[in-house]
Amino acid sequence: MPAALIVAGIACICTATGGWGWLIARQLRRRPAELAAVQAALQALRTEIEYASTPLPDALRRAATAARGPAAALCRLAARHLEAGAGASAADAWSVALDQTDALSSWDTSDLAVLGQLGTALGASGTADQVRHIALCVGRLRAAEAEARGGAERQARMWLYLGVLAGAALVLVTL
Amino acid sequence: MSTSASHSADQGSAGFARSRPAFAGGVRAAEPEAQVLAYVGPRLRPLLQRLLLPGSGPRWLEIRLRLGRPLNVVTEDGDLWVGARGSGTPEEAVCCGSEDIERSVQLVTRASVYAWEDELAQGFCTLPGGHRAGLCGRVIRRGGRITGQKAFGSLNLRIARAVPGAADPLLPLLRRSGARPLPGIVLFGPPGCGKTTVLRDLCRQLSRGRPDWGIVPRRVAIVDERSEIAACVDGLPQFDLGARSDVIDGAPKAEGLPLLVRAFNPEVVACDEIGGPGDARALAEVARCGVAVLATAHARDAADLRARPTLRSALHTGAFDFAVPLRDDRTPGAVLPLTAHLPGSVPLRLAAHREGRACPLP
């Protein structure tokens with residue numbers, strides 16, 4: 001087998017595993033910022049509900065402007081589903097929007113579970129209850145963010161190295 | 001229909017045509033029935049849409065959804081029972097399921113129970129276009145009073161229409177008033193006879209003025225406690241009330257009346273369903289300021305009006321010069337026919353004094 005082909009093969013393997021490690025590292029680095037963004041959106045949603053009694057579709061649209069990235073997309077999509085005219089409940093609209101946003105976000109399964117739990121209560125009760133549910137959700141997301149910030153950089157670096165080293169190990173085994 | 005055509009018809013006393021569109025904030029709106037269909041759940045909506053032939057057939061008054069019972073449309077010609085193949089007998093009609101009601105409630109409340117807490121406690125929500133959704137289910141009571149509802153079993157979508165010219169029979173009372181203060185008028189009658197519709201049209205006509213009757217335009221302030229007169233949505237009146245009207249929405253009359261007199265310097269104030277605690281005091285205060293009062297009251301007849309202590313005290317504040325009964329029955333020799341049939345009454349007649357005056361204050 002020509003040496004050039006072998007080198008190309010090694011490069012391909014290392015790039016693939018290195019890229020895999022880099023993707024995971026990027027997710028880990030993004031997660032705290034995205035958790036902060038979704039908290040900002042939920043705080044804006046709480047303000048709209050508590051002080052202005054803004055109906056949920058409008059409140060979600062305004063909350064979307066207070067955040068960026070997947071948090072904004074989540075609010076915007078939920079508002080769109082609510083306004084589709086099918087009489088979807090807020091829980092259904094939030095759940096569908098969460099599924100659609102999942103691919104764009106760096107939230108892990110525990111974050112999605114917290115957000116999903118909020119969806120079941122959204123819009124279905126009085127102002128005081130809504131505020132309580134949102135505050136609870138924000139509190140849990142804040143704890144998750146603090147935890148993620150603590151270990152994010154260390155874990156991201158580990159996954160970067162792991163990706164490259166996994167590629168090297170695979171090359172050695174193959175050769 | 002052009003705007004100018006609508007305007008001229010509004011100014012005159014022409015009857016209400018089937019195809020005449022309602023006004024929503026001065027913009028021509030779609031057929032009221034079509035507006036209300038948007039609040040019916042997606043399974044039942046196409047069935048109703050099939051029955052709705054634009055510009056023909058009887059006008060729809062209500063769409064009623066009752067859990068486990070047939071889908072019902074109340075028209076001015078009677079009940080329609082809606083089935084998969086059109087209208088028929090109640091046995092042939094489609095039954096409303098819990099999901100139909102639940103989805104309709106979600107559409108009415110925009111999936112936001114918290115935004116309608118007070119309205120749900122009272123059992124109705126005002127919708128864009130001035131329509132109303134009546135809701136009843138299992139009430140939630142706290143501290144001995146109803147604070148909300150859940151598990152809805154019935155939904156009544158009431159279709160609202162402005163009736164331009166409905167107040168025309170009252171214009172003789174206001175004729176050639178010029179710049180002088182207007183008389184105070186209380187309209188009374190049983191529920192559903194069109195008191196609010198007439199009051200709304202009276203506000204519109206006074207706000208615009210009627211030069212043909214020697215009535216100059218007036219500043220009209222409206223206390224819309226139940227959001228029925230103007231049906232404001234986000235501050236925008238859903239009915240045409242003329243250019244010189246101001247509305248305080250959802251305010252109790254006892255608080256809203258003095259507020260409007262202080263802040264808006266009105267020549268006329270209008271409010272619906274007087275007779276609550278504190279109303280008499282507020283009305284007396286308004287009357288002392290030289291502001292004319294237009295109001296409605298629930299009462300079967302003049303004797304009933306007299307018999308209710310809260311109404312009686314409100315009527316003797318000096319705020320009213322005329323009490324005008326609105327009745328479904330015909331009173332021989334003493335009726336002025338309204339120029340339009342109002343929803344919910346077939347036919348409605350405005351009973352008045354033989355000389356064209358309203359009956360004297362009881």
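The model is predicted: local features need pLDDT of at least 70 and side-chain atom pairs count only at pLDDT 80 or more, while totals for chains, interfaces and linings use all residues. Residues are numbered from 1 along each chain as its sequence is written, with chains lettered from A and ligands numbered from 1 in the order in which they are written.

**Confidence**

- Among the elements of chain A, the lowest mean pLDDT, 85, belongs to helix α6 (residues 127-174), and the highest, 95, to α2(A).

**Helix packing in chain A**

- The angle between α1(A) and α6(A) is about 170°, and their axes lie 8 Å apart; axes are lines fitted to C-alpha atoms, for helices over the stretch in contact, and angles run from 0 to 180 degrees between N-to-C directions.
- The contact of α1(A) with α6(A) comprises 33 nonpolar, 10 polar and seven charged residues; Ala, Val, Leu, Ile, Met, Phe, Trp, Tyr, Cys and Pro count as nonpolar, Asp, Glu, Lys and Arg as charged, and the others, Gly among them, as polar.
- Helix α1 (residues 3-52) of chain A also packs with helix α2 (residues 56-65) of chain A, at an angle of about 140° and with axes 8 Å apart.
- That angle makes α1(A) oblique to α2(A).
- Ala41(A), Ala44(A), Leu45(A), Glu48(A) and Ile49(A) of α1(A) meet Ala59(A), Leu60(A), Arg62(A), Ala63(A) and Ala64(A) of α2(A).
- Eight nonpolar, no polar and two charged residues form this contact of α1(A) with α2(A).

**Contact between chains A and B**

- In chain A, 19 residues are in contact (C-beta atoms, placed from the backbone, within 7 Å) with 15 residues of chain B.
- Elements α2 and α6 of chain A each give two or more residues to the side that touches chain B.
- That side of chain A has nine nonpolar, 10 polar and no charged residues.

**Sheet of chain B**

- Seven strands form an open sheet in the order β6-β5-β4-β3-β9-β8-β7 (chain B), with antiparallel pairing; two strands pair if DSSP finds at least two bridges between them.
- Strands β6 (86-88) and β7 (124-126) of chain B stand at the edges, each with a single partner strand, so one side of each has no neighbour in the sheet.
- From one strand to the next, the twist averages 40°.
- Strand β5 (residues 78-83) of chain B pairs with β6(B) in the antiparallel sense over three bridges.

Note on methods: Helix = DSSP H or I, 4+ residues; strand = E, 2+ residues; numbered from the N terminus. Parallel < 35°, antiparallel > 145°, perpendicular 65-115°, else oblique. Contact = placed C-beta atoms within 7 Å. pLDDT = per-residue confidence, 0-100.
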